[in-house]
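Hi there,

Here is the structure I promised to pass on. Have a look at it, and then read my notes below.

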Amino acid sequence: MSAEQAITEYRPLLYAVAYRILGVASDAEDMVQETFLKIMRVDLSKIEDIKNYLIKTITNTCLNHLEALKRKKEHLVDNWSNITHNFHFDPFDQWSSDKASEISEGLRNMMKRLNDSELGVYLLKEAFNLNYNEITEIAKKKADHCRQLFHRSKMKLEDGKDKFNVDPEKHFQIFKRFQQANKDGEVRSLVDFIFGDKKSKQKNNLANNS
């Protein structure tokens, strides 16, 4: 059985297991998504009882999630990742110059590792503490897609591998819009710039090729 077949066949069962442990629908969906991301890296042909394996995997994933909530902290590998997690507890008017520099560098490092969609969803979820319904409305993407983007971004950040060159002007614009969003609570300018950047480039490329 392929990972794709396992996802299709066992998603309802794994969601039921996760919901029974966590009691929160959105958290259960997150744990199902995280479980499937894990099995994408596993050779299922070597597993005799895939159903039992998946149940054990999601159970452990849920228990780890509960333990993380109990400790009330996120386990992010890099210092700058930890800074981004605490953005929404650190109002703009309390930023020192050193704090602003740390945040700017944090954003730059994120841009090295995440594509535009991953960066946008990650910031909305982690920095501004929005739920998936709110992110779906703002980013104009489906909830399942947003969950995939968020979990993919966490994996890439933890992996620690740089994948992209950072354009200085783009970094500056994202940082300034991030500052403004923290100051007035309005994320639209930041979201439009991040998610609209790729669309703008595609339009320009089409125009140049016509």
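Predicted model: local features only at pLDDT ≥ 70, side-chain atom pairs only at ≥ 80, totals over all residues.

**Salt bridges**

Residues are numbered from 1 along each chain as its sequence is written, and side-chain values use heavy atoms, with hydrogens and water left out.

As a reminder, side chains of opposite charge can pair when their charged atoms come close. Take arginine 147 and aspartate 30: they form a salt bridge, with 3.4 Å between the closest N and O atoms. Arginine 147 sits in helix α8 (residues 143–159) and aspartate 30 in helix α2 (residues 25–39), so this pair ties together parts that are 117 residues apart in sequence. The helices are DSSP runs (H or I, at least four residues), numbered from the N terminus, and strands would be E runs of at least two. Both arginine 147 and aspartate 30 are buried; buried means under 20% relative accessible area, exposed means over 50%, and partly exposed is in between (1.4 Å probe, protein chains only). Asp30 and Arg147 also belong to a salt-bridge network with Asp144.

Next, find arginine 113 and aspartate 162, whose side chains meet in a salt bridge at 3.2 Å, N to O. This pair links distant parts of the chain, 49 residues apart: arginine 113 is in helix α5 (residues 97–113), while aspartate 162 is in the loop between α8 and α9. Arginine 113 counts as buried because its relative accessibility is 10%, whereas aspartate 162, at 47%, counts as partly exposed.

**The inside**

In soluble globular proteins, nonpolar side chains tend to be buried together. The largest nonpolar core here has 32 residues, and Met110, Leu119, Leu123, Leu124, Phe128, Ile135 and Phe178 have the most contacts inside it. (A nonpolar core is a set of buried Ala, Val, Leu, Ile, Met, Phe, Trp, Tyr and Cys residues joined through side-chain atoms within 4.5 Å.) Two or more residues each come from α5, α6 (116–127), α7 (132–139), α8, α9 and α10. The largest share, six residues, is from α6. Apart from this core lies another, of 18 residues, including Tyr10, Val17, Ile39 and Leu44.

**The surface**

Now look at Leu63, Leu66 and Leu69, which form a nonpolar patch with about 250 Å² of accessible area together. Such areas come from the Shrake-Rupley method with a 1.4 Å probe, and for residues only the protein chains shown count as cover. Patches are made of residues with over 30% relative accessible area and no salt bridge, joining like charges within 9 Å and nonpolar side chains (Val, Leu, Ile, Met, Phe, Trp, Tyr) within 5 Å. Leucine 69 lies in helix α3 (residues 50–71) and counts as partly exposed because its relative accessibility is 47%.

Cheers

Definitions and conventions: Salt bridge = Lys/Arg side-chain N within 4 Å of Asp/Glu carboxyl O.
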